[in-house]
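Hi,

Here is the structure for you to look over. My notes follow below it.

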Amino acid sequence: MEIEQRVTESNLLASFSDYAEAQRLVDRMSDDGFPVESVRIVGEGVRTVEQVTGRMTRGRAAAAGAASGAWFGVLIGLLFGLFTAGAAWVWMLLISLLIGAFWGGVFGFVAHWSTRGRRDFSSVMTLQAQRYEVHVDRAQAAQAARYVL
């Protein structure tokens, strides 16, 4: 609520189709010493974009699960390693890594298999806006106007 109220109590300084352009304007203002605490970049018309990165097979799901499980195993091994000394510490870490990789691979395989082909691809989802508006508090509006003229 507070952010929405601050946007309605501000002046539109500029509108851009690209976030990088809005960011460049605010960066230029900051470099010039303008009090950028009174500036907001507002994305309008937000949508999600899902970029498909490849085919997901049971093998890839198992490999991704194994990698994730290995990291978790290393974390657990490090925690248990706090209570061991000498060569036992290295063995604790290695065994935890292997157990984590094994169970991560099993769970990754089973999770993908259970979808029965409903999602046989991997992807990365991002948010994008149709335009990006740079707003500035009304008290700073006159001073900020010189950056877009």
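Rings of Phe, Tyr and Trp (its six-membered ring) count as a pair if their centres lie within 6.5 Å; planes under 30 degrees apart are stacked, over 60 edge-to-face, and the rest tilted. By that rule the structure holds four aromatic pairs. The model is predicted, so local features need pLDDT of at least 70 and side-chain atom pairs pLDDT 80 or more, while totals for chains, interfaces and linings use all residues. Numbering runs from 1 along each chain as its sequence is written, and side-chain values use heavy atoms, without hydrogens or water.

**Aromatic pairs**

Tyr-19 and Tyr-132 are edge-to-face, because their ring centres are 5.4 Å apart and their planes at 70°. Tyr-19 sits in helix H2 (residues 19-31) and Tyr-132 in strand S5 (residues 131-137), so the pair ties together parts 113 residues apart in sequence. Helices (H or I, at least four residues) and strands (E, at least two) are DSSP runs, numbered from the N terminus. Tyr-132 is buried at 14% relative accessibility; Tyr-19 is partly exposed at 39%. Buried means under 20% relative accessible area, exposed over 50%, partly exposed in between (1.4 Å probe, protein chains only).

Phe-34 and Tyr-147 also pair edge-to-face, 5.8 Å centre to centre with 75° between the planes. Phe-34 is buried at 4%, and Tyr-147 at 8%.

Phe-102, Trp-103 and Phe-107 form one aromatic cluster. Phe-102 lies in helix H4 (residues 87-114).

**Helix H3**

H3 (residues 58-81) has 24 residues. Its buried residues include Gly-65, Gly-69, Gly-73 and Gly-77. H4 is among the elements that cover the buried residues of H3, with contact meaning heavy atoms within 4.5 Å.

Best wishes

Methods:
The expected span of a helix is 1.5 Å times one less than its number of residues.
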